[in-house]
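Subject: Structure for your review

Dear colleague,

Please find below the sequence and the structure that I am handing over to you. My findings follow after it, arranged by region.

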Amino acid sequence: MDFREKNYVQEPIKHYVQEQKVQYTTNNGKTTYIELGWQYVTPNEALKMRQNSNNIIFRDVFINQLKKLNSDFLNEQIAENIIKEIENVKANINGNQVVWEYLKGLRTIYWQKEKRSRNVTLIDEYNLDNNIYQVTDEFEYSNGKNTIRADLVFLINGVPILFIETKAPTKQTAINEALEQIRRYHSEGPKLMAVMQLYAITQAIKFYYSATWNTSEKSLFTWKSDFKRDFETLVKTFFCRENIVRLLLDYILFAKEDEVLKKVVLRPHQIRAVNKIVERAKDKNKKRGLIWHTQGSGKTYTMIVAAQKIIENPKFENPTVILLVDRNELESQLFLNIKAIGIEKVELAKTINHLKELLSADTRGLIVSMIHKFEGLQPNINERENIFVMVDEAHRSTSGKLGNYLLSALPNAKFIGFTGTPIDKSEHGKGTFVTFGKDDPPHGYLDKYSIGESIEDGTTVPLYYTLAPNELQVDKYTLEHEFWALAEAEGVSDIETLNDILDRAVNLRNMLKNKDRIEKVTQFVVDHYKNNVEKLGYKAFLVAVDREACALYKDELDKHLPPEYSAVVYSSNYNDNTYLSKYHLSEDEEKQIRKKFRNPDSNPKILIVTEKLLTGFDAPVLYCMYLDKPMRDHVLLQAIARVNRPYEDKDNGNKKTCGLIVDFIGIFDNLEKALAFDSTDIEGIVNDIEVLREKFKQLIEEGEKEYISKFSNLSTNQQVPFILDYFRDIDRREAYYKFYKELTNIYEILSPDSFLGQYLDIYKVFTNIYSILYNNFISNDDFNYELRKKTAELVKQNTKNTDIGQIKEIYKLDANTLKKLDESDESDIEKIYNLNKRIQLLIQKSGLQMPFLISIGEKAQNLVESFNQRQKETKETLEELKKMANEIDASKKEQQEKKMSPEEFTIYRELKNYNIKEAEIIARNMGKYIAEHPYWKESNKSLIDFRQELYKSLSANQSDINKLRELVERIIKLLTHPEI
């Protein structure tokens, strides 16, 4: 079977999306039809429709569709102007937002006839058959300097809105390679990316999608189908016309975070919830709904999009949507800039009286408020039915009298509750069920996205805990009687209630704030942070029992770490004493601390908190929580979820694989008491770090059996050649990369740990194997995983010698290279990889100045690939590589002898390779052209002129148009060197 990406992945997608209508059967036996019908356009046709490779839009299709969808006022000239505006927006995320606003119909043009602005419709979202859906492949875009080529591009009404990067299913690194390609597109073709709104990556096993201008691995979302999960179904359900239009117009949001514009596209669970909320809003009989989406899965965006869809839906007859959020969210830029998302009528309820005025005045559109502003509102203040209330953190927001005020003030409204934690088993949980979940028995959820699903999808990372040494934990008897045994603590849903309980636990609080204990805990935190957290490039929370404890910990931390390393964030009271007052922060100071904490390169690195920031604060770089405050149930789940956000450092490729809780209380010694939820709901929420130790041990044993046993009996000078020969097979290499990556991730989390001592020598052996493979096999497009910080540190230490010899010198490629190579005691296989490495490094270093070398580098790489696939013998491969090394030297000399420029000589060599007559004459003529047009690469027009000149020079010597085009594009590629 042919597993190449074009035949096995790209072509099937092209075939699937051209089907007109597909029938599926849902789990309940209902038949569903989805519409596809994307028209295929060949690459040549697509280029003609764009007029040239620097243009982006299918011009005639776009103009005709605009005139059709805006027939009462829009003419061809206006359409041409809009094309110019779209194709010339800023080549960044800001320009991308402008294009999205055009697609969504938010942008206006001035209509002279009526002397007013008119909204322009680019896509008919109500009658999807009015749009033209097209797909093309090998979509080439050139900006004069760089050329990129997308595998598949999808267009609606002539505008490219989505592209796919496909990879072969046989490569384990396929997704990483595809993502690296996406990053290159953004870097080298930002103008095209400013128009594109979405992209997808697939290797025929999984199907990922994301919004453009998001290129980290954590921004890739796994597409899921409500039907089957095979590749064909995933493709067809994703490219269903309805889904693509909704993704484009409804499920993309632009919002500012820390003054930086961000772009978001909803995940499948968010889309599912939005649709269910809208359907519940339409239901005449059901008035409630409860959405449980685990902490960190994007509830805020789900709420906003659901609100937007209800407001924009004419069926709801100009409704009112009320979003009830907590203070952290209310103060976020997302809500302060909510109008930018596309909701025009927005009111922020500033006070209780302001909210009362808004409701009494029958305000339509969106109202954003906090739950406490409903306190004291009169019953039946607004009896309209098309009022929809969405309540964040519903398990605590509507408890007690506040919930009663809310329900009585709006007696006919519909209420949708959102929670990041499941319904607990206590009376509090039953209250949440009655308020929001009674219309969805037996479990009470309108939609559920569990902790396990979230981890599986990569929406959140798994959490591990470790108990602090026994001498640092609090007395178990006191903890039991002053916390665990208290009935009011069971099911506690807000931190204020928890604080009230702890205020009464006098002995427990005194124990936690004992001076001697504070000193010992601080010393432990400092050592652990330096060795286990800071070296990974992450940050930490220290959660103290109360504000005084926060101040005590800050004072003690400053004795061991620079003062700027840590900061205290807690609420201030007007009657605070001098000691507590010294850590008061203004609103602006707290805002700056939050912002700096999110930045991995800024201080503070440790935040000391007790209440603030334990809900609603997202900082993906936060990895470790030092938990020194008794917690349970909802409060505990919300708190520890601060460390479950995925994080990826783009600069060094560092990727957060888990979050860590260091428990100084003993909470996780009593998981059944601490988390009183159904076991299925919290399955996988947090695991003992002992699980990682067992996994590390298991991996070591498997690795010894699978790899080290293969060469352990060989002498030292035989081992490297054996390893190189054994891993010539790409499947073996990629299996080892996967094994080593998993092993290293666990080592980085655990180290330093006395448990690892017995495995350090064997771990270094695995690291040496990886280093050998990395130095000899890995190219820029392959598995990119350099040694992590702690592993690199281990290698530098003077540990016991391993069984594998050290990596030998990699020679420079110069006149003496082959002589040194022949005289060395390396095996022939080592010489092959050594020589090829030198050739490739030379190309990377000198290819820009001497582009004629690129062809030789390509030949060398192809030769080694044939050798890896065992299509070439060792001796034969080595001899051919030596010839290529000599060819490099000879080419340099020939260029000097012929006194040609590097560009001239590159053209000359390629023409000779294609057996073109008069190669030297043509090359020198083109050299003159280049000398007369030194900036021919700088603009698209200059590049077009150069291409035409090249065609004109070659047309008399090459009649085959396909071969001629291939030669011209080959020469341009070498001279513009987009791959270097």
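Predicted model: local features only at pLDDT ≥ 70, side-chain atom pairs only at ≥ 80, totals over all residues.

In which loop does P752 lie? P752 belongs to the loop between α30 (730-750) and α31.

**Cis peptide bonds**

The bond that joins S751 and P752 is a cis peptide bond, with omega at about 0°. A cis peptide bond also joins P441 and P442, where omega is about 5°. P442 is placed in the loop between α17 (427-437) and β20 (447-449).

**Helices α28 and α31**

Helix α28 (residues 690-706) packs with helix α31 (residues 760-776) at an angle of about 60°, and their axes are 11 Å apart. α28 is therefore oblique to α31. The crossing in which α28 passes α31 is left-handed. On the α28 side, the residues that meet α31 are F696, I700, G703 and E704; on the α31 side, they are I762, Y763 and F766. Sorted by class, this contact of α28 with α31 has five nonpolar residues, one polar residue and one charged residue.

**Aromatic residues**

A search of the whole structure gives 52 aromatic pairs. One of them is formed by Y770 and Y774, a tilted pair at 5.8 Å centre to centre with 40° between the planes. Why are Y770 and Y774 separated by about one helical turn? The reason is that Y770 and Y774 are four residues apart in helix α31. As for accessibility, Y770 counts as buried because its relative accessibility is 2%, under the 20% cut-off. Y774, at 25% relative accessibility, counts as partly exposed.

Y770 and Y774 also belong to one aromatic cluster, together with Y707, F711, F722, Y726, F727, Y736, Y737, F739, Y740 and F766. F766 is also one of the α31 residues that meet α28.

**Helices α37 and α38**

A further helix pair is formed by α37 (residues 902-913) and α38 (residues 919-932), whose axes come within 8 Å and cross at roughly 150°. Because of that angle, α37 counts as roughly antiparallel to α38. α37 and α38 have a right-handed crossing. From α37, the residues E903, E904, I907, Y908, L911 and K912 take part in the contact. They meet A919, E920, I922, A923, R924, M926, G927 and I930 in α38. The residues of this contact of α37 with α38 divide by class into eight nonpolar, one polar and five charged.

**Positive phi values**

K899 lies in the loop between α36 (874-898) and α37. Phi of K899 is near 55°, which is a positive value in a residue other than glycine. At 73% relative accessibility, K899 counts as exposed. N318 likewise has a positive phi, near 55°, and is a residue other than glycine. N318 is found in the loop between α11 (299-312) and β15 (320-324), and its relative accessibility of 40% makes N318 count as partly exposed. In general, most residues other than glycine have a negative phi.

Is Q134 buried or exposed? With a relative accessibility of 4%, Q134 counts as buried. Q134 is part of strand β6 (residues 133-142). The C-alpha atoms of Q134 and F154 are separated by 5.8 Å, although these residues are 20 residues apart along the chain. Apart from its neighbours within four places in sequence, Q134 is in contact with W38, Q39, V41, M49, F58, V61, V153, F154, L155 and G158.

S566 is found in strand β23 (residues 566-569) and, at 7% relative accessibility, counts as buried. Which residues does S566 contact, leaving aside its neighbours within four places in sequence? S566 is in contact with K554, L557, D558, P604, I606 and I608.

Yours sincerely

Note on methods: Residues numbered from 1 in each chain as written. Heavy atoms only, no water. Axes fitted to C-alpha atoms, helices over the stretch in contact; angles between N-to-C directions. Helix = DSSP H or I, 4+ residues; strand = E, 2+ residues; numbered from the N terminus. Parallel < 35°, antiparallel > 145°, perpendicular 65-115°, else oblique. Left-handed = near helix turned anticlockwise from the far one by under 90°. Contact = heavy atoms within 4.5 Å. Nonpolar A, V, L, I, M, F, W, Y, C, P; charged D, E, K, R; others polar. Phe/Tyr/Trp six-rings, centres within 6.5 Å; stacked < 30°, edge-to-face > 60°. Buried < 20%, exposed > 50% of the residue type's maximum accessible area, 1.4 Å probe, protein only.
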